[in-house]
Amino acid sequence: MTYDRLGDLGVRLRNARVPMVVKAQCPCSFLFISMAVKIHFEGLLRGHQRQCRRYKKLSTIDDESDKGARRGRPRRRWLKKMSGGIRLSRSIKLRHQPLLAIFGSSLMMGLPGMTKVDEKNKGGFKASMFLFVLMSLENMGFVANMVSMVLYFLYVMFFNVPTSANTLTNFMGSTFLLSLVGGFISDTFINRYTTCLIFGFLEVLGLALITIQAYFKDLQPAYCFGKPSCIHGGKAAMFYTSLGLLALGSGGVKGALPALGGDQFDHKDPKEAKALARFFNWLLLSTTLGAAVGVTGIVYLTTERNKWYWGFFISTVATFIGFCVLASGKPFYRLREPTVANSPIIRIAQVIAVAFKNRWLALPDKPDELYETDEDETGCREERISHTNQFRFLDKAAIVPIMSEATPSPWTVCTVTQVEEVKILTRMLPILGSTIIMNTCLAQLQTFSIQQGNIMDRHLGKLDVPAASIPIIPLVFMSILIPTYELFFVPFARKITHHPSGITQLQRVGVGLVLSAISMAVAGIVEVKRRDQAHKDMLKPISLFWLSFQYGIFGIADMFTLVGLLEFFYKEAPIGMRSLSTSFTWLSLSFGYFLSTVFVDIINSITKRISPSGQGWIRGLDLNQSNLNLFYWFLAILSCLNFVHYLYWASWYKYKTDEPDHAEAEAKDLRTGPLVAEEENTLDGGVTQTHEAPVQTDESKQQLIKESDHPEAVAKDLSTRLLPEEEKTPWMEE
């Protein structure tokens with residue numbers, strides 16, 4: 001770095017300005033610290049400049065005026081001392097040029113005056129890589145604990161079979177239910193990145209407490225006979241506190257992380273819209289790869305070596321490293337700062353309260369008479385949502401009062417966009433409810449199927465396979481099927497359906513629901529074979545790998561349903577409610593686990609009364625005396641009925657793009673005129689694709705056609721073209 005370039009860097013630092021967006025969104029303390037660092041570094045540069053000029057002046061003294069100065073090495077030391085310690089070569093370059101260059105450039109990147117090019121390069125798969133690493137490391141321990149912890153409750157904490165299964169399902173249900181907390185906080189108070197880090201700290205703390213209790217025998221309960229649970233007192237307090245912290249931390253991360261990843265892609269850009277669909281597939285793949293390591297390595301340590309504390313310790317370290325990776329990727333993320341005033345819960349409450357207050361008012365004949373703010377008043381948080389005819393009673397919240405004020409209050413009248421947000425969430429609820437039964441089936445594979453495998457033949461040659469490692473079979477299937485689905489099936493289906501994801505999100509969910517019913521039917525058949533063989537000869541049980549059929553089928557079902565739900569809830573949700581909406585996926589899992597606990601208790605209580613033996617279907621510590629196959633078949637029949645229920649709501653659902661608003665209709669009429677000929681193909685699920693034929697037009701018309709896929713952009717373009725140049729406002733010119 002030469003002297004001139006060093007001075008130029010100082011000028012750039014001095015003239016760096018903070019954009020208005022940063023001033024509006026960043027706290028004052030951040031701006032103060034950033035400007036203080038900038039001024040401090042500028043002072044250092046000025047000092048270097050003075051020292052460089054001083055050294056240059058001293059080193060160019062002619063011989064006559066330099067009679068007292070000594071030659072050679074003493075002269076150079078004298079010049080170094082007199083110039084303040086800076087020693088330059090004859091080309092006036094710094095000795096530590098690379099180090100100072102890196103320091104200066106990195107500091108420039110961290111200052112608020114970041115250029116638009118830097119902001120534009122944020123997001124995409126470059127930013128998503130950090131999220132993929134976190135999901136792999138975090139789920140490596142989470143999934144391993146999810147499939148093996150029922151044995152920890154059974155053999156270390158001394159719970160009986162139904163209590164250990166119910167404890168795990170309650171824990172998993174609480175984890176996914178608490179994802180709503182993470183989604184709400186990230187939509188209301190802090191951004192999704194900060195939310196992930198805060199709840200990640202709680203997750204690591206919970207894992208650390210579980211590790212400590214698993215290591216010290218004094219913190220574990222003593223065995224007691226005939227009781228559902230043997231833990232009590234301070235040991236129970238530590239046990240449930242660690243589970244609570246783990247559930248809160250993991251749930252909060254799951255509520256904010258998928259939406260953080262989705263924010264890295266602009267769904268209005270056709271290229272990034274396709275990338276968004278790929279993102280959720282690769283997110284599931286990263287989860288699968290991490291889980292595959294967990295259910296083999298960690299499960300082997302915990303169940304076979306009986307070193308539960310080592311398994312929990314590895315999970316703690318891996319999770320901590322994952323969140324460190326997430327934190328290191330902050331310069332690459334697209335972050336959206338929420339505001340308390342735009343809290344999704346408050347906005348929903350406002351619509352419901354105002355609609356109830358206006359319940360006696362008559363709706364206007366035309367939707368145009370409902371209240372809506374101008375586009376420049378909505379801000380960057382809100383996207384304009386067109387009016388729909390479903391749930392018309394909620395439209396009463398947008399009726400302008402007769403004695404209206406100059407600036408209507410949100411608790412007096414709501415905008416059409418705000419009302420449509422509530423309509424969207426309401427339309428999602430039946431879809432959410434239709435997936436609960438499937439997740440109830442999933443809970444059985446993590447509880448009773450693990451207990452089945454523990455009393456089966458677990459030998460694979462000379463290797464003794466842990467029962468909790470049997471989920472590696474569906475994980476291997478998914479690791480192969482997800483890239484195959486993304487690289488081959490999606491491009492092929494996209495040519496037929498013209499849908500960015502190949503098939504719609506609700507179609508993917510439907511495929512998963514069918515496969516989950518088949519999985520439960522197969523599980524019942526396998527249980528009959530296992531129990532009959534155990535009754536014939538307990539010393540020769542059937543192989544553990546008979547369970548691979550039900551696990552493999554359900555793994556494919558989970559691949560379709562989980563990704564379909566995440567993409568569906570993210571894309572259909574309003575901008576300010578995406579964390580809360582993607583939490584609906586985990587909410588379905590939560591309800592499924594809780595419903596599993598309810599089913600086990602209710603079915604046991606009912607079958608005790610009607611069975612000749614006076615025993616329930618699932619009882620005691622011996623599965624060979626239970627009728628677990630009947631419980632599986634009950635879930636299979638219930639899943640078939642649930643699929644019929646899902647078909648009705650999926651066909652009833654209206655996507656956000658189904659019913660265009662007036663601006664979109666106007667743009668459509670314009671495009672169907674002499675400018676262009678278009679063909680519309682309405683696909684399954686209500687998604688409309690527009691194909692435009694190329695025609696000879698002038699430059700302005702070609703630009704209008706190019707932007708015709710975005711109705712709001714078309715309306716904005718028309719408004720700017722109809723006005724004279726002097727009457728255009730700055731936001732129109734942008």
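Buried means under 20% relative accessible area. Phe599 has a relative accessible area of 14%, so Phe599 is buried. The model behind these values is predicted.

Ser588 is also found in helix α22. Its relative accessibility is 1%, so Ser588 counts as buried. Which residues does Ser588 touch, leaving aside those up to four places away in sequence? They are Leu432, Thr435, Ile436 and Asn439.

## Helix α9 and its cover

Helix α9 spans residues 179-188. Its buried residues are Ser179, Gly182, Gly183, Ser186, Asp187 and Thr188. An α-helix has 3.6 residues a turn, so residues three or four places apart point the same way.

## Aromatic pairs

Across the whole structure, a search finds 37 aromatic pairs. One of them joins Phe176 and Trp586: the ring centres are 5.7 Å apart and the planes lie at 15 degrees, so the pair is stacked. Phe176 and Trp586 are both buried.

A second pair is formed by Phe599 and Phe634. How are these two rings arranged, stacked or edge-to-face? They are edge-to-face, with 5.5 Å from centre to centre and 85 degrees between the planes. Phe599 sits in helix α22 and Phe634 in helix α23 (residues 628-652). The two are 35 residues apart, and the pair links distant parts of the chain.

## A ring cluster

Ring pairs also build a cluster. Its members are Tyr152, Phe153, Phe159, Phe239, Tyr240, Trp308 and Phe312.

## Charges over rings

Where does the charged end of Lys254 sit? It sits over the ring of Phe142, 3.9 Å from the ring centre. Arg359 has its charged end over the ring of Phe356, at 4.1 Å from the centre.

Terms used:
Residues are numbered from 1 along each chain as its sequence is written. This is a predicted model: local features need pLDDT of at least 70, side-chain atom pairs count only at pLDDT 80 or more; totals for chains, interfaces and linings use all residues. Side-chain values use heavy atoms; hydrogens and water are left out. Buried means under 20% relative accessible area, exposed over 50%, partly exposed in between (1.4 Å probe, protein chains only). Helices (H or I, at least four residues) and strands (E, at least two) are DSSP runs, numbered from the N terminus. Contact means heavy atoms within 4.5 Å. Rings of Phe, Tyr and Trp (its six-membered ring) pair if their centres lie within 6.5 Å; planes under 30 degrees apart count as stacked, over 60 as edge-to-face and the rest as tilted. A charge sits over a ring if NZ of Lys or CZ of Arg is within 6 Å of the ring centre and within 35 degrees of the ring normal.
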